[in-house]
Amino acid sequence: LQQTQMSRGVDYYERFIKKFPDVVSLSAASSEEVYSLWKGLGYYNRAKNLHETAKIISKSGGIFPKKEKELLLLPGIGPYTAAAISSICFNEKSYVIDANVLRVLSRVFGLNYNISKQKSIKHFLKLTLTLTDKVKQHGDYNEAIMDFGGVVCLPKKPRCGECVLKKNCFAFNMSLIEKFPIRKKKLIRKKRLFNYFVFVNNQNILLKKRISKDIWFNLYEFYMIEGDHNKTALDKLLKNIKLKERVNHVVALNSTLSHQIIKSVFTQIKIKEESKFERIRDKLNMISVPKDKIYSLGLPKVIDNYLKSHT
């Protein structure tokens, strides 16, 4: 739900539960099945971690860990998630330090720690442990302060008039609301150019699985050359596969991720001869997939958008 509306997230959740009603059925699924259901949510590494975690839990008797330190051993579960699960589900004395918590504590106590630096988090955790010394329901505390930051102590235009803490809030009383929390890290998105080549023969398309530890890991895409100008990449490819086919069309689509901006240029090449199509498939180490079967595979959103619009 980090980048997805609740209503949309619920739809995905219900589809997952229907397909995989328990952790054992999820662990037994193929990665293609999991990615196919996940398609459209982004953050595909989380789908991989979900699947791997199901396998680990299934092998250990199907019992979900309750302790924060045990949860931290599972793929994709970091300090925030481990603290949230262990406290809210099992009332362990673990405390969440997320963006909402950092904002509330920074403003109320006037904390001048740069929240972009990991080492600053220990100061917020130390303060939290002092504030919660007599707390009995640790999950309730975590949910309350996260909710408070998400409903009242908003990043922009906070609802200070309704705030029960304003009398004791450093930022409010010093008219410094917009200055807290301290954040000095500027997000720089890496720009990338993906040249995709869409080989089509009748109702078949060539696809290749992404196996490098990068975005869209384990998802399927068209043959791709990164970085070069489209014409340069095309000339390089045609020379490699000894082909002189006519290009059918060129389409450009953009993807903006949390840390990258990707321009994808799609060049469609129709291959009339099946033998030539198979030669290209083998040369480029790809697989041939019928168009009506392609959505059974996990695909990046940009590939999905292209297929829906241009095939």
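In helix α7, residues N100, V101, R103, V104 and L105 meet I145, M146, F148, G149 and G150 of helix α9. Contact here means heavy atoms within 4.5 Å. Helices are DSSP runs of H or I with at least four residues, strands are runs of E with at least two, and both are numbered from the N terminus. Helix α7 covers residues 99-109 and helix α9 covers residues 138-151; their axes come within 8 Å and cross at roughly 80°. The axes are lines fitted to C-alpha atoms, for helices over the stretch in contact, and angles run from 0 to 180 degrees between N-to-C directions. So α7 and α9 are roughly perpendicular to each other. For the wording: under 35 degrees counts as roughly parallel, over 145 as roughly antiparallel, 65 to 115 as roughly perpendicular, and the rest as oblique. The residues of this contact of α7 with α9 divide into six nonpolar, three polar and one charged. In that count Ala, Val, Leu, Ile, Met, Phe, Trp, Tyr, Cys and Pro are nonpolar, Asp, Glu, Lys and Arg are charged, and the others, Gly among them, are polar.

A note on the source. This is a predicted model, where local features need pLDDT of at least 70, side-chain atom pairs count only at pLDDT 80 or more, and totals for chains, interfaces and linings use all residues. Residues are numbered from 1 along each chain as its sequence is written, and side-chain values use heavy atoms, with hydrogens and water left out.

Helix α9 also packs with helix α6, residues 79-90; these axes come within 7 Å and cross at roughly 125°. That makes α6 and α9 oblique to each other, therefore. Their crossing is left-handed. A crossing is called left-handed if the near helix is turned anticlockwise from the far one by less than a right angle, and right-handed if clockwise. On the α6 side the contact is made by Y80, A83, S87 and I88, and on the α9 side by H138, G139, N142, E143 and M146. By class, that contact has four nonpolar, four polar and one charged residues.

The next helix pair is α3 and α4. Helix α3 (residues 31-38) and helix α4 (residues 44-59) pack at an angle of about 135°, with their axes 10 Å apart. They are therefore oblique to each other, and the crossing is right-handed. S31, V34, Y35 and W38 of α3 make the contact with Y44, R46, A47, K48, L50 and H51 of α4. Six of these residues are nonpolar, two are polar and two are charged.

Now the cores. Which residues have the most contacts inside the largest nonpolar core? They are Y196, W216, F222, F266 and I303, in a core of 36 residues. A nonpolar core is a set of buried Ala, Val, Leu, Ile, Met, Phe, Trp, Tyr and Cys residues joined through side-chain atoms within 4.5 Å. Buried means under 20% relative accessible area, exposed means over 50%, and partly exposed is in between, with a 1.4 Å probe and protein chains only. At least two residues of this core come from each of α1 (6-19), α3, α4, β1 (190-201), β2 (204-209), β6 (260-270) and α13 (301-310). Leaving aside neighbours within four places in sequence, F266 is in contact with residues including Y196, F222, V302, I303 and Y306. A second, separate core has 28 residues, I121, Y141, C153 and F180 among them.

In α13, the buried residues are V302, I303, D304, Y306 and L307. They pack against β1, β2, β3 (220-221), β5 (247-256) and β6.

Some backbone details remain. W216 is in the loop between β2 and β3. Its phi is near 60°, a positive value in a residue other than glycine. Is W216 buried or exposed? W216 is buried, with a relative accessible area of 9%. S175 also has a positive phi, near 55°, and is found in the loop between α10 (170-173) and β1. S175 is exposed, at 65% relative accessible area. P181 lies in the loop between α10 and β1, and the peptide bond from F180 to P181 is cis, with omega near 0°.

Last, two lysines. K69 is in helix α5, residues 68-71, and is exposed, with a relative accessible area of 66%. K276 lies in helix α12, residues 274-283, and is partly exposed, at 22%. K276 and N201 are 75 residues apart in sequence and 9.5 Å apart in space, C-alpha to C-alpha.
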